[in-house]
Amino acid sequence: SNFVHPSDTLRFVDAGAATGDTLQRLESRFGPVEQAWLFEPEIPAYYEALKYYAKRAEIWLFNMGLDEKPSRAPYHPCLSYDVTNEMQRNIPTDITSYIQGIPLDGISPFNVTLFKLDIEGMEARALRGAKEMIAHDKPVIAVCAYHRANDYWQLIDEVLSIRPDYRIGIRLYADILEDVTLYFH
């Protein structure tokens, strides 16, 4: 069954937006969004997304991540989601850069209808930082549950502790068991 419907894609928050490829797929399937907020802390991916979306006023790009409270962590390119090295990297290796994290609740976005999280193991913390939005808006949530050994159950517990009225769907997107996405709808 489909967990995401056209009306769910109107106001989209993408945590771990990479180059904006999820938004491209959403719009090709469901049509243009009214508003999208894309969070991508990796500089090469952020700049790729800017190339594609900079002229669209309804799409806001943030070179930061989501967290449960304001945070700053050293950026380690070796931990990049880009394991196949498809992105150009022009960041000098002798410069220490940081990933800034903010709670989604702290910036009060629009009435969110879809919230996607693929943030390399930070999903539970980002969900805690979006409690107010989840409780108020009850968006469809698509969260990757394969970065940490306990993600699957912990992420279900996190979301249901905020809104126990969600139904849960599971989708496998690859031939490997680890590539599981949980849908709360």
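Helices here are DSSP runs of H or I with at least four residues, strands are runs of E with at least two, and both are numbered from the N terminus.

Quick housekeeping. This is a predicted model, so local features need a pLDDT of at least 70 and side-chain atom pairs count only at pLDDT 80 or more, while totals for chains, interfaces and linings use all residues. Residues are numbered from 1 along each chain as its sequence is written, and side-chain values use heavy atoms, with hydrogens and water left out.

Seven strands make an open sheet in the order β3-β2-β1-β7-β8-β10-β9, with mixed pairing; two strands count as paired if DSSP finds at least two bridges between them. β3 (59–62) and β9 (168–172) sit at the edges with a single partner strand each, so one side of each has no neighbour in the sheet. From one strand to the next, the twist averages 15 degrees.

Two helices to mention on this sheet. α2 (residues 43–53) packs on it, touching β2 (35–39) and β3, where touching means heavy atoms within 4.5 Å. The direction of α2 makes about 160 degrees with that of β3; axes are lines fitted to C-alpha atoms, for helices over the stretch in contact, and angles run from 0 to 180 degrees between N-to-C directions. α5 (residues 151–162) packs on the sheet as well, against β8 (140–144), β9 and β10 (180–184), and makes about 15 degrees with β10.

Let's walk through the middle of the sheet. β1 (residues 11–15) and β7 (residues 114–117) run parallel, joined by four bridges, with Ala15 opposite Leu117. β7 and β8 are parallel too, over four bridges, and there Phe115 has Ile141 as its bridge partner.

How many of the five residues of β8 are buried? Five of the five, so this strand is largely enclosed by the rest of the structure. Val140, Ala142 and Cys144 point one way, Ile141 and Val143 the other.

There's a second open sheet, with three strands in the order β4-β6-β5 and mixed pairing. β4 (65–66) and β5 (71–74) are its edges, each pairing on one side only. β4 pairs in parallel with β6 (residues 98–102) over two bridges, and Leu66 stands opposite Ile102.

Which brings us to the cores. In soluble globular proteins, nonpolar side chains tend to be buried together. A nonpolar core here is a set of buried Ala, Val, Leu, Ile, Met, Phe, Trp, Tyr and Cys residues joined through side-chain atoms within 4.5 Å. The largest one has 29 residues, and Val13, Leu66, Phe115, Leu117, Ile134 and Ile141 touch the most other members. Which element gives the largest share? That's α5 again, with four residues. Apart from this core lies another, of 18 residues, including Val33, Ala36, Tyr46 and Val140.

Leu66 deserves a click in the viewer. Not counting residues up to four places away in sequence, Leu66 touches Val13, Ala15, Phe39, Ile102, Leu104, Phe115, Ile119 and Ala126.

Last stop, Gln24, in helix α1 (residues 21–30). Gln24 comes out at 31% relative accessibility, so it counts as partly exposed. Gln24 and Tyr52 are 28 residues apart in sequence, yet their C-alphas are 9.6 Å apart. Leaving out residues up to four places away, Gln24 touches Thr19, Tyr52 and Tyr53.

Key: Buried < 20%, exposed > 50% of the residue type's maximum accessible area, 1.4 Å probe, protein only.
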